Amino acid sequence: MSLESAFSSPEQKRRHVRRLFATIADRYDLITRLLSYGQDRRWKARLVREANVTADDVVLDLASGTGDIALMMASRGARRVIGLDITHHMLELARGKGGDVTYVTGDMGALPVADASVDVITTGYGLRNVPDLDTAIGEMARVLRPDGRVVSLDFNNPDHPFVRRAYLGYLTAVGGLLGRALHGDPDTYRYIPASIRRYPGAAIVAARMRAHGFTDVRVVPLLFGLMSLHVARR
Ligand SMILES: C[S@@+](CC[C@H](N)C(=O)[O-])C[C@H]1O[C@@H](n2cnc3c(N)ncnc32)[C@H](O)[C@@H]1O
């Protein structure tokens with residue numbers, strides 16, 4: 001499937017993303033460290049601090065992948081941590097890391113979770129990957145209890161045209177090299193800049209969260225605003 005057709009409809013994007021993460025799962029942790037120059041751990045640690053989890057909290061980590069954030073939340077002493085991801089093999093790798101986390105295969109667009117049953121939602125690189133942003137934010141709002149918190153980490157889509165061009169050009173070049181070297185397909189990691197190009201950016205995501213009833217919505221810029229955290233309350 002070409003990168004262009006991957007974004008031609010929500011269903012195509014869901015299929016592309018599932019296939020992509022099933023393909024790269026075994027190398028996901030390595031690639032994430034390489035592409036972020038080791039910064040990914042620091043950003044996730046900041047996310048966990050912002051989530052401010054307590055021993056009473058039920059935490060739902062969406063797009064949990066190989067479990068980094070879910071495991072960090074469990075080690076902070078949350079009452080229960082559930083990690084949800086659409087790609088079964090990512091969760092198999094997460095389970096292999098041990099830790100007190102329940103992993104569930106599922107879709108952020110239709111959470112298999114009761115209304116108002118979760119205290120904290122976390123997600124790392126989740127919202128940019130969903131086929132429909134509003135559906136996913138609406139599902140977060142549904143399952144969070146009143147006053148529950150959400151913290152989301154993702155790339156930003158920089159406003160400044162020059163910065164955006166340089167940043168996406170860099171990711172396309174490096175992604176192409178890594179994809180060819182590791183998978184024989186330069187498009188594998190070019191999905192990242194392609195998805196950023198179509199992502200509305202941190203300010204609009206914050207506005208969509210407010211539209212779904214979230215309050216105290218803050219955007220925390222990371223890496224000079226190339227990455228961002230969204231922190232909000234239900
Ligand atoms: C870039 S990885 C992030 C993994 C992990 N959160 C981290 O920060 O390292 C994105 C994850 O989102 C998952 N994903 C993509 N679309 C999804 C959806 N609609 N519902 C649930 N998970 C999804 C993918 O399977 C993949 O594991």
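Me: Helices (H or I, at least four residues) and strands (E, at least two) are DSSP runs, numbered from the N terminus. With that settled, where is Asp 57 found?

Reply: Asp 57 is found in the loop between α4 and β1. This is a predicted model: local features need pLDDT of at least 70, side-chain atom pairs count only at pLDDT 80 or more, and totals for chains, interfaces and linings use all residues. Residues are numbered from 1 along each chain as its sequence is written, and side-chain values use heavy atoms, with hydrogens and water left out.

Me: Why is Asp 57 called buried?

Reply: Look at its relative accessible area, which is 3%. Buried means under 20%, exposed over 50%, and partly exposed in between (1.4 Å probe, protein chains only). Asp 57 is therefore buried.

Me: What makes the link between the side chains of Asp 57 and Arg 149 a polar contact?

Reply: The distance is 3.0 Å. A polar contact is a pair of N or O atoms within 3.5 Å; within protein, one must be able to donate a hydrogen and the other to accept it, and residues adjacent in sequence count only if both atoms are side-chain atoms. The pair from Asp 57 and Arg 149 qualifies.

Me: Which residues is Asp 57 in contact with, leaving aside its neighbours within four places in sequence?

Reply: Among them are Asn 52, Ala 78, Asp 119, Arg 145 and Arg 149. Contact means heavy atoms within 4.5 Å.

Me: Asn 52 is placed in the loop between α4 and β1. Why is Asn 52 called exposed?

Reply: Its relative accessible area is 55%, so Asn 52 counts as exposed. Its phi is near 50°, a positive value in a residue other than glycine.

Me: What makes Ala 116 partly exposed?

Reply: Ala 116 has 42% relative accessibility, so it counts as partly exposed. Ala 116 lies in the loop between β3 and β4. Phi of Ala 116 is also positive, near 50°.

Me: Why is Thr 102 called partly exposed?

Reply: Its relative accessibility is 37%, and so Thr 102 is partly exposed. Thr 102 is found in strand β3. Beyond its neighbours within four places in sequence, Thr 102 is in contact with Arg 80, Val 81, Ile 82 and Gly 83. The C-alpha atoms of Thr 102 and Gly 83 are separated by 6.1 Å, with the two residues 19 apart along the chain.

Me: How do you know that β2 and β3 pair?

Reply: Two strands pair if DSSP finds at least two bridges between them. Four bridges join β2 (residues 80-85) to β3, so they pair, and they run parallel.

Me: What is the order of the strands in the open sheet?

Reply: The seven strands run β3-β2-β1-β4-β5-β7-β6, with mixed pairing.

Me: What makes β3 and β6 edge strands?

Reply: β3 (102-105) and β6 (215-222) each have a single partner strand, so one side of each is left without a neighbour in the sheet.

Me: Which residues have the most contacts inside the largest nonpolar core?

Reply: They are Met 73, Phe 155 and Tyr 167, in a core of 48 residues. A nonpolar core is a set of buried Ala, Val, Leu, Ile, Met, Phe, Trp, Tyr and Cys residues joined through side-chain atoms within 4.5 Å. Apart from this core lies another, of 27 residues, including Ile 82 and Val 205.

Me: How many residues surround the ligand?

Reply: There are 17, and the closest are Lys 44, Ala 63, Asp 85, Thr 87 and Met 108. A residue is near a molecule or strand if one of its heavy atoms lies within 4 Å of it.

Me: Where does Lys 44 place a polar side-chain atom?

Reply: That atom lies 2.8 Å from an oxygen atom of the ligand. A backbone N or O atom of Met 108 lies 2.9 Å from a ligand nitrogen. For Ile 86, a polar backbone atom is 3.2 Å from a nitrogen atom of the ligand.
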